[in-house]
Amino acid sequence: MRNALAVERLTKSFGKHTVLEGVDLAVGEHEVVALIGASGSGKSTLLRCINLLEPVDSGRIFLAGEEITAARDVNRVRKRIGIVFQSFNLFPHMTVLRNVTLAPRDVLGLSRAEAEARATELLKRFGLAEKRLDYPDRLSGGQQQRVAIVRALAMEPELMLFDEVTSALDPELVGEVLQVIRELAQRGMTMVLATHEMSFARDIANRVCFLDGGRIVEEGPPEQMFSTPREPRTQQFLERIVAAKRL
Amino acid sequence: MRSGGNGRRSVAIALASTVVFFVAAGVAITHAPGWPEVRSQFFDWHEFKATFPEVARAFLLNIKIFCIAEVFILAFALFLAVLRSLPGPVFFPLRALAIVYADLFRGMPTILVIAMLGFGAPALGLSYIPKSVTFWGIVSLVLIYSAYVSEVYRAGIDSIHPSQEAAARSLGLSRGQTLRRVILPQAVRRVIPPLLNDFIGLQKDTALVGTLGAIEAFQQSQIDTNATFNFTAYLSAAVLFVAATIPLARFTDWLVARDRRRRQAGGVA
């Protein structure tokens with residue numbers, strides 16, 4: 001299986017604070033990888049580095065075999081990788097439809113009609129068709145996050161990154177967002193997701209990586225990771241999660 | 001929540017205290033020893049009627065100066081603000097230039113810039129630059145006010161959360177596209193009230209162009225005053241300036257209030 005994404009010995013620090021200390025990660029095509037770990041373990045930074053939103057200190061990143069670590073044209077790389085953030089980050093001055101068509105029109109050069117057709121189809125697929133002319137502040141958090149996912153999908157990326165996309169949502173709105181991600185997994189989208197939703201990670205991921213102190217301490221299939229973790233730090237982390245009734 | 005009765009009571013109190021204040025002020029002024037003199041010098045009704053049409057005609061020049069200057073200020077100030085928001089060490093010289101510009105033109109009294117450019121530039125005797133003092137007055141106002149307005153724009157740009165830029169860049173939009181499509185439209189919307197505030201200042205400062213000899217409202221009233229030794233013409237000019245700025249001031253208030261209502265309604269960023 002060809003790797004859709006490969007990360008080798010990635011390091012990143014902010015000032016004196018080292019966030020990533022040599023991360024190695026390979027993601028196969030159509031694979032779903034869940035990153036778990038405490039806040040501050042480096043999950044979000046890893047995703048932002050992959051999308052070149054953060055420059056790395058050392059290490060290499062490959063997208064479908066092509067090195068992108070210090071890509072000259074970051075925009076060409078970014079249009080192949082979709083990312084969804086914890087805080088939605090929709091553009092508040094644009095309608096839902098405009099949010100979704102902006103990048104296809106400005107970056108991919110689609111005509112307005114083409115971009116709107118593509119956006120409308122995606123919005124319809126995720127039950128957002130009636131919201132297409134609303135502004136984001138009229139939408140619930142769950143709807144906003146689904147629009148954010150659609151906005152990324154409209155670029156037809158080969159890889160999707162999800163950065164704790166349900167952490168800012170009210171509990172009753174988490175399900176609708178997870179359902180969207182589940183559908184993407186079923187359709188074979190290659191995905192890396194940082195998440196606190198352990199049962200969701202167990203359900204959906206092909207592989208789970210536990211991060212601690214800027215390293216991937218342990219990785220494996222979800223059944224093994226959640227039932228018989230080998231590393232003491234993984235065991236401790238999961239015990240705390242179970243104690244908090246989050247698993 | 002205020003009840004209806006309370007609301008009426010508040011209005012009554014406000015009305016009464018206003019009446020008391022103005023009656024007291026009016027009595028104090030009209031009983032001042034120099035009042036009869038001042039009244040005939042500044043508040044002569046016949047003089048007012050005689051000078052008002054002329055001053056009003058001259059005021060059209062103020063409006064023209066204001067409108068032309070405003071267009072250029074909006075564009076030039078935006079350019080300066082964008083220069084100053086460019087990131088990275090490569091753009092340091094441009095950022096520094098924009099900072100020096102803002103410091104320089106915010107530090108200088110408007111009337112000084114107008115005098116230096118208005119008298120200096122035409123005196124160069126260059127055939128290819130305009131000699132009109134109004135032209136140089138407008139240039140001076142554009143230079144000064146762009147420094148202020150660029151700071152307003154910059155505050156707006158800075159107020160947009162970095163996550164908006166991250167979202168736009170992550171979709172593959174270039175830095176320029178992000179600025180044009182995502183950052184500036186939001187930033188400008190946020191600073192409309194302070195922008196209008198600066199334009200109220202600009203409306204009044206058009207009178208300074210009169211010091212170069214352009215016959216605008218202030219200069220016209222000065223001519224009238226010199227001819228009759230009566231200062232009522234100034235009152236004509238004052239009335240016109242106030243009448244022109246009040247609508248803009250109320251519009252600004254309305255926008256500020258609307259903005260506050262929106263934010264208090266719990267808009268999620």
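Biologist: How many residues does the contact take from chain B and from chain A?

Modeller: This is a predicted model. Both chains contribute to the contact. The count is 19 residues from chain B and 18 residues from chain A.

Biologist: Which helices of chain B each supply at least two residues of the side that touches chain A?

Modeller: On that side, chain B has 8 nonpolar, 8 polar and 3 charged residues. The helices that each supply at least two of the residues there are α7 (162-170) and α8 (175-190).

Biologist: How are α6(B) and α8(B) set to each other?

Modeller: Helix α6 of chain B spans residues 133-159. Its axis and that of α8(B) come within 8 Å and cross at roughly 120°. Angles of 65 to 115 degrees count as roughly perpendicular and those over 145 as roughly antiparallel, so α6(B) and α8(B) are oblique.

Biologist: Which residues in α8(B) do those in α6(B) meet?

Modeller: α6(B) passes α8(B) in a right-handed crossing. From α6(B) come Tyr153(B), Gly156(B), Ile157(B) and Ser159(B). The contact divides into 5 nonpolar, 2 polar and 1 charged.

Biologist: In chain A, at what angle do helix α3 and helix α4 pack?

Modeller: Helix α3 covers residues 96-106 of chain A, and helix α4 covers residues 112-125. Their axes are 9 Å apart, and the angle is about 130°.

Biologist: What is the make-up by class of the contact of α3(A) with α4(A)?

Modeller: Among the residues in α3(A) are Leu97(A), Val100(A) and Arg105(A). Those in α4(A) include Arg112(A), Glu116(A) and Leu122(A). By class, the contact has 7 nonpolar, 1 polar and 4 charged residues.

Note on methods
Residues are numbered from 1 along each chain as its sequence is written. Chains are lettered from A and ligands numbered from 1 in the order in which they are written. This is a predicted model: local features need pLDDT of at least 70, side-chain atom pairs count only at pLDDT 80 or more; totals for chains, interfaces and linings use all residues. Axes are lines fitted to C-alpha atoms, for helices over the stretch in contact, and angles run from 0 to 180 degrees between N-to-C directions. Helices (H or I, at least four residues) and strands (E, at least two) are DSSP runs, numbered from the N terminus. Two residues are in contact if their C-beta atoms, placed from the backbone, lie within 7 Å. Ala, Val, Leu, Ile, Met, Phe, Trp, Tyr, Cys and Pro count as nonpolar, Asp, Glu, Lys and Arg as charged, and the others, Gly among them, as polar. Angles under 35 degrees count as roughly parallel, over 145 as roughly antiparallel, 65 to 115 as roughly perpendicular and the rest as oblique. A crossing is left-handed if the near helix is turned anticlockwise from the far one by less than a right angle, and right-handed if clockwise.
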